[in-house]
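Have it open beside you as you read.

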Amino acid sequence: LSILAIIPNIFASSFILGIIGFLSIPLDIMTITIAAITIGIAVDNTIHYLYRFKEFNKNNKMIDAINLTNRSAGLAVFTTSITIALGFSILSLSSFIPTVIFGIFTSMAMIFAMIGVLILLPSLISLLASENELGLKDTEKSIITSLLGSIAKRHNFLIFSITLIIITASTVFEVYHVDGFY
């Protein structure tokens, strides 16, 4: 699980730095700090999510543990991420352009970090689980949990592949931008 926890964190920071590179925004002290903040928040969210998952996975089937984790820690991750994103978005009202850029991209990064933890991480967990561990046949789920669970179960390799493509493309955009190839 520890190796899986790294992937959503890399996803969020790479994605936001890739967008910054794609838009040809130069890296300075304000924009590079976004990656550090993103990793810090994403790691906290990931630890919270995985801790709850491990607790629920002791006495439940894996899909039940994922559903219970989404209902408890997932709600906390969602709430804190939205709150932090709204807080950083206030900086976009500044008259100082670097602060505006910092606020906008940090808000976006918090949303990407949340998506990484709430969608990518459960998909990766279910990707590594066997059919018996998931226990999809006898599970009662809400509509949202059912939808996310079925997407994660049926398309987990696709989600993982798209994530790797996004991370690679984001890194390439940023490297080209830093080296002056744009």
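## Helix α1 and its end

Just after helix α1, Ser-24 takes a positive phi of about 60°. Helices here are DSSP runs of H or I with at least four residues, numbered from the N terminus. α1 has 21 residues and reaches 31 Å from first C-alpha to last, close to the expected 30 Å (1.5 Å times one less than its number of residues).

This is a predicted model: local features need pLDDT of at least 70, side-chain atom pairs count only at pLDDT 80 or more, and totals for chains, interfaces and linings use all residues. Residues are numbered from 1 along each chain as its sequence is written, and side-chain values use heavy atoms, leaving out hydrogens and water.

## Rings that pair up

Rings of Phe, Tyr and Trp (its six-membered ring) pair if their centres lie within 6.5 Å; planes under 30 degrees apart are stacked, over 60 edge-to-face, and the rest tilted. That rule gives 3 aromatic pairs. Phe-11 and Phe-15 are stacked because their centres are 5.7 Å apart and their planes sit at 20°. They are 4 residues apart in α1, so about one helical turn separates them.

Phe-88 and Phe-102 make an edge-to-face pair, 5.9 Å centre to centre with 80° between the planes. This pair links distant parts of the chain, with Phe-88 in helix α3 (residues 62-89) and Phe-102 in helix α4 (residues 97-127).

Buried means under 20% relative accessible area, exposed over 50%, and partly exposed in between (1.4 Å probe, protein chains only). At 8%, Phe-11 is buried, and Phe-102 is buried at 11%. Ile-10, in α1, has 35% relative accessibility, so Ile-10 counts as partly exposed.

Notes:
Helices (H or I, at least four residues) and strands (E, at least two) are DSSP runs, numbered from the N terminus.
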